[in-house]
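Please read it alongside the model shown here.

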Amino acid sequence: FQILWFFEGYNSEDEIVDKVVVLLRFCLFSLHLNCIYFSVIMDKYQEQPHLLDPHLEWMLNLLLDIVRDSDSPPALVHLAFKFLYIITKVRGYKIFLGLFPHEVADVQPVIDMFTHQNPKDHETWETRYVLLLWLSVTCLIPFDLSRLDGNLTSEGGEVRTSTMDRILQIAESYLIVSDKARDAAAVLISKFITRPDVRQKKMADFLDWTLSTLSKSSFQTMEGTIMMDGMLQALAQVFKHGTRESCLPYASTVLVCLDNCKLSESNHTLLRKLGVKLVQRLGLTFLKPKLAKWRYQRGCRSLIANLRLSTQDEERQIPQILASDNDEDYDVPEEVENVIEQLLVGLKDKDTIVRWSAAKGIGRMTGRLPKELADDVVGSVLDCFSFQETDNAWHGGCLALAELGRRGLLLPSRLTDVVPVILKALTYDEKRGACSVGSNVRDAACYVCWAFARAYEPGELKPFVNKISSALVIVTVFDRDVNCRRAASVSLLNGTFPHGIDILTTADYFAVGNRSNCFLNISVNIAGFAEYTQSMIDHLIDMKINHWDGVIKIKVFVCLCLFFFFTAGISFATLLGKIYFCSFLTGNWQWLINDSLKNLHLISNTSRQHIKISSGSYVFSISFFLDELMKNYISELQNTEEMIRCGFSLALGSLPAFFLKGKLKLVLDGLKAVTHISPKDVSFAEARRDALKAIAKICQTVGVKAEASEDDVICKENVYQIYDTFLDCMNDYTTDSRGDVGAWVREAAMTGLMELTVLLTRNHPELIEANVCKQIMCCLAQQSSEKIDRFRARAGSIFLNLLYFDSPPVPHIPYREELEKIFPRSESSVLNWNAPSQAFPCITQLLALPTYRYHVLLGLAVSVGGLTESTVRYSTQSVFEYMKKIQNDIQAMDSFSETLIQVFEDNLLNDRVSVPFLKMLDQMLANGCFDIFTTEENHPFSLKLLSLCKEEIKKSKDIQKLRSSIAVFCGMIQFPGDVRKKVLFQLFLLLCHPFPVIRKTTASQIYEMVLTYSDIVDPDIFDEVMTILSDTAWLKHKRRALELFFPPQPWFLINVEIVFPS
């Protein structure tokens, strides 16, 4: 019924075909969306895929029912296979294989499905991947495959291909494809070729074909790389799943072929990994599959088995059972040496996955070697830990040692050689260029410690436990990389290490994620354990105090200070002596502070501010070269890097009073220079902000004394210079890609003005002049009426703080009594300046006070013409409410209009103000705020406003500004006299503007204007005017439009005969 309804109304064949195409596209798109939705659901199980196990069987059966249904369309079948692949990807194909149907009846249907597959179709590779996995299960039926063939000769005399050959052909054809079906084909080969019946007939030929293909391929080409990948996967899988007896005759030949391929020279990581994997499988084939009798055994590692043991005799029997029937009296094939050598080379590979595979191969091979040969392997692994070797060799060596220790193949007698190497690996850090390498080595060394703690009895590790635990604690709290800190923290979770559980409680996985927390909090707690205190201090002074990373140096210094203040048992003389010896006497300590200040851009935002402020506090220890230090700091204030200016500004602001005595004028002049905006540093808003903060803090530090020297304290000689600096920065409206970054400067200036004014009021109020106080309050009123909520709230709060400061009151505040009525003291604490609905009704009342009117109107213009809906709405309502109160008072309106014109004139061509100002004018004109001026022809307000608007848009290409001006011109049509004709003339010019959007906007606005003010057009031609405005393409009829508007003044035609570009 729905399909019939869909085609209802379409009679022609072409229409129906088009509709069918649309329907099919919609169905395919819907299938695609379903697939994406299913994938999103399944991806949520990636971390815990075992949760899917109870649901796998019914999902598999449901999807396979669709596949087996002969009526299912191909697109639906592929979608079912795609869903199966998504499930396989999440849960893993090994778990999924056992759920596939694997009856005898399933073999032929699965094989037949491959006849409809195109290996080159990249849209359906999921189908082929799942089919190959399904075939790898069905081919394991416990019957000879020849029984499925029957009579291979057909009635026509043609010989059909046997089932065995068909499966082998399918597997071989998909081993050389470029998609993921190649991986599934390797799995199929491993299951199929190792069957007893197939092994006898096909294994030799298959290996022949594989080695031939491998030798002819080259990893220099993409096609060769794909073919080598498929061959190597197949061989690795065959030698993994095949029995030793069936694979041993071919192992030497495969090894020779593999050597000739020289995979170690390839740039393809996967090929090198597969080469290492195949080499170790070949090595395991050469050796008998027996557990080494000599391996170290800690005992039963099963908790259930331990609970069942009731006597010591039973405990002693366990190692004997595990080691029984082991015999070392056999010859090791010569090929094993070649295999071991290649695995050792793999430990030094440049890629981690190759090194990890080689390490596992070393562990597996060593477990089957005699004791003497195994010891030689351990010695060869230890050779990787030479300082001539790269960090790759160190990392691979650590992985190999961890595997050997975990398997009990690293005997306790070797620990004396291994532990010193691991301790070095735990602190391995090599600087290369602007960074360092070695984090992977330290992480792997933590893994070694974790493995050793679980592999050996506590008594075996007792001679080394203090050194290992101290090294792990150092990595846990002082390592630069979070992965190493977390790895070391987990390695301490063992009763073998002293206070392991207590330390891990403090330094858990999440706590060590924050480096500052590690240095400043966790380290102090751990240093309370006597076993670790001295080693932590030694590490900081010997290795970290001259670290290449300046951030680490600062944290080391703070950490050492915390150790002294908060940790008992640390000798101050020893600590201070080592610090001075390492840094102070060599001049490095001052360099450390300077270098940290110059590299603030490398430090997180949270730590950056602490470092800026702390640096000045630490400088007291170097007062003997104070003059040189001050010159250096002041010179850095003009550095070309913004963060360097920030650091040295706040460092100067943090200096103690005796440092600034005699140099105050020099410091203030330097900081004032930072606050000036020049073309080269216009974007340095953070530097200007920090310079203002430094000036405010210096004022608090040195104090006020009216008749003192300007080089020592704040006095009448320099107080106005400081006020001028703050007030100038109140006009910083710098913007960049981050937005209004000048707001940071204005906020710092507001705060500085409040702190300085309060300081002067408390000590020397006579230093505050009336004009200065007036400027402060007016600037704060302007900021209180602007559009950014946070900064408006800050300005409003400071405004009220100064108004109601009582210890004693701030002198010379203009209109104090009126302000106290507008902002009652009882309501000042609950007034929410962040909320436009509360802030603007109060602040617009300041328009009635002449002193504040200009600045408040300037701030309101930005808010009324802004973009934020709530700010625009409440600011506009507040302005209109004020205008209603004065719109019938001609004197108040004249005063208001003069201020309005003055604001416009002072900010002409300043887009930050002029564009929103035009928007505000449009709303005021539209709401009849200036109706009192319309009773007089050519009112001065209208003439001046028109003049300023013309000047503002002159040669402008700003679409937003031009649109706003059009609305203002249309609103000014209400003023009678010559100004109306001049306005119409401006609108006509805009009708002929080169920008199509401006012409269209102008026509639309004039259309509405003519409807509102119909008297401006002669009634006889009114309809024609409206038709032209609504229908004309405004690239034509410009002369006719002018004639319609100005019929009595033909001289206008001469003045506007202009040719505009089309």
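The chain has 54 helices and 2 strands. The model is a predicted one. Of the chain's 1062 residues, 51% count as buried. Among contacts with a separation of 6 or more, 70% join residues 24 or more positions apart.

**Packing of H11 and H12**

- Helix H11 covers residues 222-241, and its axis comes within 12 Å of that of H12, with a crossing of roughly 150 degrees.
- H11 and H12 are therefore roughly antiparallel to each other, since an angle over 145 degrees counts as such.
- The crossing of H11 and H12 is left-handed.
- From H11, Met228, Leu232, Leu235, Val238 and Phe239 take part, and they meet Cys247, Ala251, Val254, Leu258 and Cys261 of H12.
- By class, the contact of H11 with H12 has 10 nonpolar residues, no polar and no charged.

**Packing of H13 and H16**

- Helix H13 (residues 269-286) packs against helix H16 (residues 335-346) at an angle of about 150 degrees, and the axes are 9 Å apart.
- This angle makes H13 roughly antiparallel to H16.
- H13 and H16 cross in a left-handed sense.
- On the H13 side the contact is made by Val276, Val279, Gln280, Gly283 and Phe286, and on the H16 side by Glu335, Val336, Val339, Gln342 and Leu343.
- The contact of H13 with H16 is made up of 6 nonpolar, 3 polar and 1 charged residues.

**Packing of H20 and H21**

- Helix H20 (residues 415-426) and helix H21 (residues 439-455) have axes that come within 8 Å and cross at roughly 140 degrees.
- H20 and H21 are therefore oblique to each other, because roughly antiparallel requires an angle over 145 degrees.
- The crossing of H20 and H21 is left-handed.
- H20 contributes Leu415, Val418, Ile422, Ala425 and Leu426 to the contact, while H21 contributes Val441, Arg442, Ala445, Cys446, Val448, Cys449 and Phe452.
- In the contact of H20 with H21, 11 residues are nonpolar, none is polar and 1 is charged.

**Cysteines**

- A disulfide is a covalent bond between the sulfur atoms of two cysteines.
- With a cut-off of 2.5 Å between cysteine sulfur atoms, the count is 0 disulfides.
- Cys384 is in no disulfide, and its nearest cysteine sulfur, that of Cys398, is 9.5 Å away.
- Cys384 is buried, at a relative accessible area of 1%.
- Cys446 is likewise in no disulfide, and the nearest cysteine sulfur is that of Cys484, at 6.3 Å.
- Cys446 has a relative accessible area of 1% and is buried.
- Cys446 is also one of the H21 residues in the contact with H20.

**Backbone geometry**

- Most residues other than glycine have a negative phi, and most peptide bonds are trans.
- The peptide bond from Ser807 to Pro808 is cis, and its omega is near -10 degrees.
- Pro808 sits in the loop between helix H40 (789-803) and helix H41 (816-822).
- Lys262 is not a glycine, yet its phi is positive, at about 50 degrees.
- The loop that holds Lys262 runs between helix H12 (244-261) and H13.
- Lys262 is partly exposed, with 48% relative accessible area.
- Asn938, also a residue other than glycine, has a positive phi near 50 degrees.
- Asn938 is in the loop between helix H47 (911-926) and helix H48 (940-953).
- With a relative accessibility of 25%, Asn938 counts as partly exposed, because the buried class is under 20%.

- Thr876 belongs to helix H45, which spans residues 869-886.
- Is Thr876 buried or exposed? Thr876 is buried, with a relative accessible area of 8%.
- Apart from neighbours within four places in sequence, Thr876 is in contact with Val864 and Gln923.
- Thr844 is 32 residues from Thr876 in sequence, and the two are 10.0 Å apart in space, C-alpha to C-alpha.

Conventions:
Residues are numbered from 1 along each chain as its sequence is written. This is a predicted model: local features need pLDDT of at least 70, side-chain atom pairs count only at pLDDT 80 or more; totals for chains, interfaces and linings use all residues. Side-chain values use heavy atoms; hydrogens and water are left out. Buried means under 20% relative accessible area, exposed over 50%, partly exposed in between (1.4 Å probe, protein chains only). Axes are lines fitted to C-alpha atoms, for helices over the stretch in contact, and angles run from 0 to 180 degrees between N-to-C directions. Helices (H or I, at least four residues) and strands (E, at least two) are DSSP runs, numbered from the N terminus. Angles under 35 degrees count as roughly parallel, over 145 as roughly antiparallel, 65 to 115 as roughly perpendicular and the rest as oblique. A crossing is left-handed if the near helix is turned anticlockwise from the far one by less than a right angle, and right-handed if clockwise. Contact means heavy atoms within 4.5 Å. Ala, Val, Leu, Ile, Met, Phe, Trp, Tyr, Cys and Pro count as nonpolar, Asp, Glu, Lys and Arg as charged, and the others, Gly among them, as polar.
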